[in-house]
Amino acid sequence: MSLYRDEGIVLRTHKLGEADRIVTVLTRRTGKIRGVAKGVRRTMSRFGARLEPFTHVDLQLHTGRTLDVITQAETIRPYGEAFVADYPRYTAGSAMLETADRLIMAEKEPALRQFLLLVGGLRTLGSGEHEARLVLDAYFLRSLAVAGYAPALEECARCRTTSVRAFAIVAGGVVCGACRPAGAAVPAGETIALMVALLKGDWRSADASESRHRAECSGLVAAYLQWHLEHGIRSLRHVERERAERELAT
């Protein structure tokens with residue numbers, strides 16, 4: 001068996017047998033990998049706590065026939081510690097991990113840009129500088145762009161005119177009146193401007209946006225993401241429920 005090292009973000013885990021766990025990690029150099037962490041569910045495990053979701057870890061692994069075996073794990077940064085007592089950030093972070101897992105289908109194919117984007121997203125989310133849902137929507141838009149699915153936001157997705165009137169998921173973003181398909185949404189101009197700001201990292205404009213435009217933006221971005229993934233993001237249910245409860249409280 002060959003031995004290798006890499007650093008990565010733990011995306012998810014699930015039980016294997018009585019004491020082991022399969023850990024899915026998005027790594028810097030190797031891409032997405034699945035490794036077996038033997039004995040980590042025992043109370044005396046040496047590194048069980050280092051292999052929890054949200055953790056940035058340095059790993060040593062042996063290449064196996066079907067699954068690699070994790071032999072060492074050292075924590076680089078436990079991003080999860082910043083989310084435990086903050087439900088909005090925890091649910092947003094969970095949606096980030098799930099999205100990264102869904103977007104990167106193949107294992108052991110380098111995905112450096114997605115890795116760096118996820119690390120940056122978790123770091124920004126943990127800093128508390130911006131609203132959690134804004135950070136999540138920015139991550140969604142940028143991860144889609146890295147994957148080649150960036151929505152058209154400043155000119156018609158079909159004819160490239162700058163006179164846009166609607167947002168059509170099936171068309172690939174904003175569309176003009178002539179190209180507008182049936183059922184296309186007609187968001188406020190401020191909502192599209194917010195999407196542009198999030199995609200470009202213009203946090204001053206994003207932070208100054210109104211709550212109604214943020215809510216409309218989130219709905220469009222979530223629908224666009226899930227349409228391209230051809231699969232729902234389960235964590236988004238909790239994100240949306242938290243937003244609804246917060247709006248009712250105010």
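This is a predicted model: local features need pLDDT of at least 70, side-chain atom pairs count only at pLDDT 80 or more; totals for chains, interfaces and linings use all residues.
Me: What makes the largest share of the lining of the largest pocket?

Reply: Helix H1 does, with eight residues. Helices here are DSSP runs of H or I of at least four residues, and strands are E runs of at least two, numbered from the N terminus. Residues are numbered from 1 along each chain as its sequence is written, and side-chain values use heavy atoms, leaving out hydrogens and water.

Me: Why is this called a pocket rather than a cavity?

Reply: Because on a 1 Å grid over the protein atoms alone, a cavity is a set of points where a 1.4 Å probe fits but cannot get out, whereas a pocket is an open set with protein on both sides within 12 Å along at least five of seven lines. Lining residues have an atom within 4 Å of a point. The largest pocket has 23 of them, with Leu11, Pro53, Tyr90, Ser94 and Leu97 nearest its centre. E1, H1 and helix H7 (235-249) each give two or more residues to that lining.

Me: How do you know that strands E2 and E3 pair?

Reply: Pairing takes at least two DSSP bridges between two strands, and E2 (residues 20-27) and E3 share six, running antiparallel. Four residues separate the two strands in a hairpin, and glycine 31 in the turn has a positive phi of about 100 degrees.

Me: What makes E3 and E5 a pair?

Reply: Two bridges join them, and the strands run parallel; at least two are needed, so the pair qualifies. Glycine 35 has aspartate 68 of E5 as its bridge partner.

Me: Why is E3 called largely enclosed?

Reply: Buried means under 20% relative accessible area with a 1.4 Å probe on protein chains only (exposed is over 50%, partly exposed in between). Five of the six residues of E3 (residues 32-37) are buried, so the rest of the structure largely encloses this strand.

Me: In what order do the strands close into a barrel?

Reply: The order is E1-E2-E3-E5-E4, with five strands and mixed pairing. Neighbouring strands are turned by 50 degrees against each other on average, direction ignored. Such angles run from 0 to 180 degrees between N-to-C directions of axes, which are lines fitted to C-alpha atoms, for helices over the stretch in contact (heavy atoms within 4.5 Å). E1 (residues 3-16) and E2 contribute eight antiparallel bridges.
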